[in-house]
Amino acid sequence: MKAPLTYVFFLLLISFSSTCESSTLEDTCKSFAAGHPSIGYSYCVKTFHADNMSATADARGLAAIAAKIAEVNANGTARRIAALRASEEDSRRQERLGVCAEVYSDAVDQLGEAAEDIARGEDKSTRDALTRLSAALDAPGTCEDAFGEADDTSPLLAEDAEFRKLATIALAVAASLFPPPSTLTKCL
């Protein structure tokens, strides 16, 4: 009779501790989704699952990972822009694609530097990373504006939308490294 009671106690203990301790990734994505419902929790988790290190990363690690994921995406978009420019015969569209190429090239650089800044773990370098991440987030808007001002449909709508989401996650997660003291919670 003692053995079943011990098992029940053990199961209750495990159940209680698992409700109190969730992973940093889950907590980060829940917090992100609360502030960005249009992107959401599932997209956030899916994004981080692209990097195996995210499962065990702390908040700072997740911020650096998010910047790297956005950098990879920006690099892919830059390659697509280069291919579009190479095949484009209209010089005005080539110019608009040139604007996109420039801002995505800058975004790749800014995101790489931001990931390094975050990894340093210093408040000043993390604040520098926030500035870089914010600047990188401007790339899709600037690219779309180049086409919109010419009343031309952008061939990069999907890429710009995807990058915007990834850069938003990177910026939000990095910004969360500086929470106001009143938002700190403790699981009892």
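Which residues are linked with R96 in a network of salt bridges? In this predicted model, the network comprises E88, R93, R96 and D152, a salt bridge being defined as a side-chain nitrogen of Lys or Arg within 4 Å of a carboxyl oxygen of Asp or Glu. Because the model is predicted, local features need pLDDT of at least 70 and side-chain atom pairs count only at pLDDT 80 or more, whereas totals for chains, interfaces and linings use all residues. Residues are numbered from 1 along each chain as its sequence is written, and side-chain values use heavy atoms, with hydrogens and water left out.

Across the whole structure, nine salt bridges are found. Helices (H or I, at least four residues) are DSSP runs, numbered from the N terminus. R96 is buried, at 14% relative accessibility; here buried means under 20% relative accessible area, exposed over 50%, and partly exposed in between (1.4 Å probe, protein chains only).

A further salt bridge is formed by the side chains of E113 and R132, at 2.6 Å from N to O. Distant parts of the chain are again linked, E113 lying in helix α5 and R132 in helix α6 (residues 123-137), 19 residues apart. E113 is partly exposed, with a relative accessible area of 36%, and R132 is also partly exposed, at 27%. D90 pairs with R92 in a salt bridge whose closest N and O atoms are 3.8 Å apart. D90 is partly exposed at 28% relative accessible area, while R92 is exposed at 55%.

Helix packing was examined for α4 (residues 59-87) and α8 (residues 157-175), which pack at an angle of about 160° with axes 8 Å apart. The axes are lines fitted to C-alpha atoms over the stretch in contact, and angles run from 0 to 180 degrees between N-to-C directions. α4 is therefore roughly antiparallel to α8, a term applied to angles over 145 degrees. The contact (heavy atoms within 4.5 Å) involves residues of α4 including L62, I69 and R80, and residues of α8 including E159, F163 and V173. The contact residues divide into 15 nonpolar, two polar and three charged, where Ala, Val, Leu, Ile, Met, Phe, Trp, Tyr, Cys and Pro count as nonpolar, Asp, Glu, Lys and Arg as charged, and the others, Gly among them, as polar.

Methods:
Helix = DSSP H or I, 4+ residues; strand = E, 2+ residues; numbered from the N terminus. Parallel < 35°, antiparallel > 145°, perpendicular 65-115°, else oblique.
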